Number of protein chains: 2
Amino acid sequence: MSERYPSALLESAVNELASLPGVGRKTALRLALYMLRRDVGYTENFAAALVALRRDVKYCRVCHNICDDEICAICANPQRDHETVCVVENIKEVMAIENTGQFRGVYHVLGGIISPMDGTGPGDLQIDSLVERVARGEVKEVILALSTTMEGDTTNFFIYRKLAPYDVKTSMIARGVSIGDEIEYADEITLGRSIVNRTEFKMNS
Amino acid sequence: MSERYPSALLESAVNELASLPGVGRKTALRLALYMLRRDVGYTENFAAALVALRRDVKYCRVCHNICDDEICAICANPQRDHETVCVVENIKEVMAIENTGQFRGVYHVLGGIISPMDGTGPGDLQIDSLVERVARGEVKEVILALSTTMEGDTTNFFIYRKLAPYDVKTSMIARGVSIGDEIEYADEITLGRSIVNRTEFKMNS
């Protein structure tokens with residue numbers, strides 16, 4: 001169905017909204033009309049917040065988490081255990097683990113997961129900088145907290161081999177998270193326990 | 001669950017996205033992270049389109065439909081039958097009826113529906129300007145195409161009484177649209193037929 005919009009401005013706004021993942025054209029139109037019912041300041045603040053995020057956001061030089069400074073609040077916190085590094089796929093997993101309140105170490109955000117299907121190889125991820133952190137002797141334990149999918153297992157195995165030459169313990173979160181699930185959707189109790197009950201990474205485990 | 005965001009910029013963007021109707025905080029975070037994966041120009045264009053819509057959109061002086069000029073493309077079109085006015089709740093209904101290709105008349109957009117529950121009374125809607133159009137003698141038939149809900153029936157009845165003193169035929173779309181449904185979600189065949197098979201508005205019909 002080709003839709004005819006009564007206004008080019010409306011069509012353009014709907015096109016932009018519908019370009020978001022999971023937003024269809026009906027929803028996009030509904031959102032655009034919602035903005036028309038609010039005052040001008042609402043849309044201006046909305047737009048400014050998104051542009052400010054995209055233009056000004058920084059990534060922590062140590063762990064690659066999103067932050068507003070050079071170093072993120074977790075890496076800059078002397079109360080955290082900087083010898084225990086939890087490797088996660090993305091910032092959503094950092095937030096999910098932080099919300100459990102069960103982890104006092106620091107993070108390393110890969111920025112993705114090895115996925116030949118999506119064209120993501122090890123070179124696209126922050127794996128080299130993880131190896132450098134370990135090579136500097138700062139890290140005693142690396143906890144692998146990736147999704148329990150085939151891609152997660154592949155990435156776990158790749159990192160495990162990369163870290164093998166170094167004197168570092170490699171563990172992974174307990175498989176309390178059900179197989180095939182995404183980390184970010186696990187409930188806090190299960191996710192917290194899986195951090196506490198982490199097991200040493202072994203091949204064929 | 002109080003969420004701790006690693007970046008105030010991210011939190012601000014998530015707050016704005018989550019203020020949209022039907023968008024929860026998880027979805028808002030997913031959308032914000034999606035923007036971070038796209039280039040800066042994507043978010044800038046996105047934001048600019050929304051602000052341009054809100055700032056620059058106009059409403060047709062005749063029918064109150066959204067448009068880019070003083071008069072909308074439908075009202076400005078001499079090929080349309082300007083003596084037949086279809087009264088709709090909102091611009092979404094104009095688009096839905098236009099998509100059926102069954103209607104060659106013009107519209108009158110009320111901007112809502114009488115709903116005491118939502119605090120919307122007749123004075124909040126473009127009913128007076130509809131009466132003026134009819135009073136000027138320009139209109140031969142008014143087709144009421146409001147949702148077949150109690151609020152729609154109330155509004156139909158209110159408009160019917162307002163137009164009673166004038167020499168104008170008042171019809172309403174055939175009740176092919178199932179009772180309790182919203183106009184915008186009706187399929188094109190049903191909606192098109194209900195325009196063609198419209199019936200004269202009578203009390204107790």
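User: Before we get to these chains, what makes something a salt bridge here?

Analyst: A side-chain nitrogen of Lys or Arg has to sit within 4 Å of a carboxyl oxygen of Asp or Glu. Keep in mind that this is a predicted model. By that rule, the count between chain A and chain B is two salt bridges.

User: What makes E44(A) and R55(B) a salt bridge?

Analyst: Their closest N and O atoms are 2.8 Å apart. The cut-off is within 4 Å, so the pair goes down as a salt bridge. As for the background, side chains of opposite charge can pair when their charged atoms come close.

User: How do you know that the copies meet through the same surface?

Analyst: Look at who takes part: 100% of the interface residues of chain A are also interface residues in chain B, so the copies meet through the same surface. In numbers, 57 residues of chain A are in contact with 57 residues of chain B. Between the two chains, about 5600 Å² is buried, and carbon and sulfur atoms give 68% of that. There are also 14 residue pairs in polar contact between chain A and chain B.

User: Why are the copies said to be related as by a two-fold rotation axis?

Analyst: A rotation of 180° with 0.0 Å of shift along its axis superposes chain A on chain B, with an RMSD of 0.0 Å. The two copies are thus related as by a two-fold rotation axis. Of the residues of chain A, A47(A) comes closest to that axis, its C-alpha being at 2.3 Å.

User: What makes R80(A) and E98(A) a link between distant parts of the chain?

Analyst: First, the salt bridge: their side chains meet at 2.8 Å, N to O. Second, R80(A) is in the loop between β2 and β3 (81-88) of chain A while E98(A) is in helix α4 of chain A, 18 residues apart. Over all chains, the structure holds ten salt bridges.

User: Where does the "zinc finger region: C4-type" label come from?

Analyst: From a UniProt annotation, in an unreviewed entry, covering residues 60-75 of chain A. In the model, the end C-alpha atoms of that span lie 8 Å apart, and the span is 0% helix and 12% strand.

Note on methods: Residues are numbered from 1 along each chain as its sequence is written. Chains are lettered from A and ligands numbered from 1 in the order in which they are written. This is a predicted model: local features need pLDDT of at least 70, side-chain atom pairs count only at pLDDT 80 or more; totals for chains, interfaces and linings use all residues. Side-chain values use heavy atoms; hydrogens and water are left out. Copies are superposed by least squares on the C-alpha atoms of residues with pLDDT of at least 70 in both. Contact means heavy atoms within 4.5 Å. Buried area is the accessible area (1.4 Å probe) that two parts lose on being put together, summed over both. A polar contact is a pair of N or O atoms within 3.5 Å; within protein, one must be able to donate a hydrogen and the other to accept it, and residues adjacent in sequence count only if both atoms are side-chain atoms. UniProt positions are given in the numbering used here, feature names are shortened, and annotations may be inferred rather than shown by experiment. Helices (H or I, at least four residues) and strands (E, at least two) are DSSP runs, numbered from the N terminus.
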